[in-house]
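Thanks for asking me to look through this one with you.

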Amino acid sequence: MIFDSHAHLISSDQVKYPPAPLRGVLAPGEFDDPMTAEKLIALMDKAGVKIACAVQRGQVYGYHNDYILDSAKKYPERFRSVVVLNSSDETTPAKLKELVETHGASGVRFVSPSFPSGATDWLTTDEAHNSMKAAADLGIAICIHVLHVQRDVVNPLLRGLADKFKEATFVIDHVAGAHP
């Protein structure tokens with residue numbers, strides 16, 4: 001079986017799924033040719049891909065995970081959803097529990113809310129650790145989004161997180177920010 005571990009979905013319906021980028025502004029062209037669930041399924045079929053992780057685009061939707069959750073609900077045989085939440089928000093453990101138990105989220109992606117800065121509070125605070133413990137307790141993967149400009153600051157923290165949360169499954173997005 002071929003599995004796509006990291007597919008981003010963008011709805012063509014900006015009224016039902018309005019943009020809410022973490023940085024406050026959208027990059028030019030984000031909606032020029034959106035990768036809708038249906039478009040991705042057609043491409044998956046052409047390539048022989050059976051299932052994909054629909055990973056929330058924080059740069060487009062921020063912490064509003066509705067489109068990937070709705071897509072995974074509509075096409076449960078094709079998608080698993082990986083939501084983006086604010087790891088430093090004290091309400092995240094409860095939100096995460098609801099998204100897993102009620103909406104079937106399969107994983108959570110934590111990103112630096114101020115990316116591409118090197119601030120590490122999204123990985124080091126007690127609130128962030130509570131969010132990671134909640135994900136581990138729920139048995140879902142924790143994706144850590146690392147941009148190349150953050151690599152030198154964030155990568156040393158990843159080993160400590162894996163040691164602290166031995167029961168957790170960590171996925172490092174973008175090979176820890178590797179760029180050619």
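The notes below go from the sheet to the core and then to individual side chains.

1. A word on the source before anything else: please keep in mind that this is a predicted model. Every distance, angle and accessibility quoted here therefore belongs to a predicted model.

2. Next, look at the pairing of β3 with β4. Strand β3 covers residues 79–84 and strand β4 residues 107–110; the two run parallel and are joined by three bridges.

3. Which residues have the most contacts inside the largest nonpolar core? That core has 42 residues, and the ones in question are F79, V83, V108 and I144. Taking V108 as an example, and leaving aside its neighbours within four places in sequence, you will see it in contact with V82, V83, L85, L96, A135, I140, A141, I142 and C143.

4. Now to the charged side chains: the structure holds nine salt bridges. One of them links E30 to R57, with the closest N and O atoms 3.0 Å apart. E30 is in the loop between β1 (3–7) and α1 (37–47), whereas R57 is in the loop between β2 (51–55) and α2 (58–61), so this pair ties together parts that are 27 residues apart in sequence. Both E30 and R57 are buried.

5. Two further salt bridges sit within helices. K133 and D137 meet at 2.9 Å, N to O. These two are four residues apart in helix α6 (residues 126–138), which means that about one helical turn separates them. K133 has 40% relative accessibility and counts as partly exposed, while D137, at 52%, is exposed.

6. The other pair is R159 with D163, whose side chains form a salt bridge at 3.7 Å, N to O. Both residues belong to helix α7 (residues 151–164) and are four residues apart, about one turn of the helix. Here R159 is exposed, with a relative accessible area of 57%, and D163 is partly exposed, at 39%. Since the cut-off for a salt bridge is 4 Å, the 3.7 Å of this pair still counts.

7. Finally, is Q56 buried or exposed? Its relative accessibility is 0%, so Q56 counts as buried, the limit being under 20%. Q56 is placed in the loop between β2 and α2. A polar atom of the Q56 side chain lies 3.1 Å from the backbone oxygen of G62. Leaving aside neighbours within four places in sequence, the contacts of Q56 include H8, Y61, Y63, H64, N65, I68 and R109, as well as V82, V83 and V84.

Note on methods: Residues numbered from 1 in each chain as written. Predicted model: local features only at pLDDT ≥ 70, side-chain atom pairs only at ≥ 80, totals over all residues. Heavy atoms only, no water. Core = buried A, V, L, I, M, F, W, Y, C linked by side-chain atoms within 4.5 Å. Buried < 20%, exposed > 50% of the residue type's maximum accessible area, 1.4 Å probe, protein only. Contact = heavy atoms within 4.5 Å. Polar contact = N/O pair within 3.5 Å; in protein donor to acceptor, adjacent residues only side chain to side chain. Pairing = 2+ DSSP bridges.
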